[in-house]
Amino acid sequence: MNKFKADIDQYMKVEPRPLWQMLLTREGLWALAEYRFNNWVDREVRIPVLRHILIAIGAIWHKLITVLIGIELPKGANIGVGLYIVHSGCIVLHPDVVIGEYCTLSHDVTIGLGGRGEKLGCPKIGDRVYIAPGAKIFGAITIGNDVAIGANAVVTKDLPDNAVAVGIPAKIIS
């Protein structure tokens, strides 16, 4: 519950409005509530009967969120507190993705599996990373802290702290 509270606090900081209005209108918060619930069930609930019931409820909730608003945050992903999702629509994460604290995801973002052989894997994204609309991030790469990834960038290589990356393939410009 504390992690979801931090998510709500981030939304309130970025978009100051009444809490009831935020909870009713921000689809990103709906997806985060579903993710936090399913992640909690997966990691914390150990009573077998209760666990199975909650997994079933969570699976239905996850499918509804994915189909209705186009945001797929799999329960296996490791997402830090304070995630801010700017707009709903076509946000897809691989279950092995790691995202740090207070990051921002825009619409049409894919973060997933890529590479071959020893380089096969998913990205590890640092804290306070901004990912602009249309960005694609693939492979066993590391994105540092305080990074900005530009619109429609395709990132397949590590990015250091404080970098700004744009283009296809993404290049550091600042």
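Mentor: Please keep in mind that this is a predicted model. Let us begin with the second largest pocket, which is lined by Gly-114, Gly-115, Lys-119, Phe-138, Gly-139, Ala-140, Ile-141, Thr-156 and Lys-157.

Trainee: What volume does the second largest pocket have?
Mentor: Its volume is about 160 Å³.

Trainee: And how many nonpolar, polar and charged residues are in that lining?
Mentor: The lining of the second largest pocket has three nonpolar residues, four polar ones and two charged ones.

Trainee: Which residues line the largest pocket, then?
Mentor: The lining consists of Met-1, Asn-2, Lys-3, Phe-4, Ala-33, Arg-36, Phe-37, Asn-39, Trp-40, Arg-43 and Glu-44. The space in this largest pocket comes to about 270 Å³.

Trainee: Which element gives the largest share of that lining?
Mentor: Helix H3 does, with seven residues. H1 and H3 each supply at least two. By class, the lining of the largest pocket contains five nonpolar, two polar and four charged residues.

Trainee: Changing topic: how many residues are in the largest nonpolar core?
Mentor: That core has 42 residues. Those with the most contacts inside it are Leu-73, Ile-111, Ile-125, Ile-131, Ile-137, Ile-143 and Ile-149. The elements giving two or more residues to this core are helix H1 (2-14), helix H3 (27-44), helix H4 (48-69), strand E3 (84-85) and strand E4 (91-93). H3 provides the largest share, five residues.

Trainee: What is Ile-149 in contact with, leaving aside its neighbours within four places in sequence?
Mentor: Its contacts are Val-129, Tyr-130, Ile-131, Ala-132, Ala-135, Ile-137, Ile-143, Val-155, Leu-159 and Ala-165.

Trainee: Back to H3 for a moment. Is Asn-38 buried or exposed?
Mentor: Asn-38, which is found in helix H3, has a relative accessible area of 7% and therefore counts as buried, the cut-off being under 20%.

Trainee: What does its side chain make a polar contact with?
Mentor: The partner is the side chain of Glu-34, at 2.6 Å. Not counting residues up to four places away in sequence, Asn-38 also touches Gly-58, Ala-59, His-62 and Lys-75.

Trainee: Where does Asp-127 lie?
Mentor: Asp-127 is in the loop between strand E8 (124-125) and strand E9 (130-131). With a relative accessibility of 24%, Asp-127 is partly exposed.

Trainee: Which residues is Asp-127 in contact with, again leaving aside neighbours within four places in sequence?
Mentor: They are Gly-100, Glu-101, Cys-103, Asn-145 and Asp-146. A polar atom of the Asp-127 side chain lies 2.7 Å from the backbone nitrogen of Glu-101.

Trainee: You mentioned Asp-146. What is its phi?
Mentor: Phi of Asp-146 is near 55 degrees, a positive value in a residue other than glycine. Asp-146 sits in the loop between strand E11 (142-143) and strand E12 (148-149), and its relative accessibility of 34% makes it partly exposed.
Mentor: Asn-152 also has a positive phi, near 65 degrees. Asn-152 lies in the loop between E12 and strand E13 (154-155).

Trainee: Finally, is the peptide bond from Ile-168 to Pro-169 cis or trans?
Mentor: That bond is cis, with omega near -10 degrees. Pro-169 belongs to the loop between strand E14 (164-166) and strand E15 (171-172).

Notes: Residues numbered from 1 in each chain as written. Predicted model: local features only at pLDDT ≥ 70, side-chain atom pairs only at ≥ 80, totals over all residues. Heavy atoms only, no water. Core = buried A, V, L, I, M, F, W, Y, C linked by side-chain atoms within 4.5 Å. Buried < 20%, exposed > 50% of the residue type's maximum accessible area, 1.4 Å probe, protein only. Helix = DSSP H or I, 4+ residues; strand = E, 2+ residues; numbered from the N terminus. Contact = heavy atoms within 4.5 Å. 1 Å grid on protein atoms, 1.4 Å probe; cavity = no way out; pocket = protein on both sides within 12 Å on 5 of 7 lines; lining within 4 Å. Points joined across faces, edges and corners; volume = space filled by probe spheres on them. Nonpolar A, V, L, I, M, F, W, Y, C, P; charged D, E, K, R; others polar. Polar contact = N/O pair within 3.5 Å; in protein donor to acceptor, adjacent residues only side chain to side chain.
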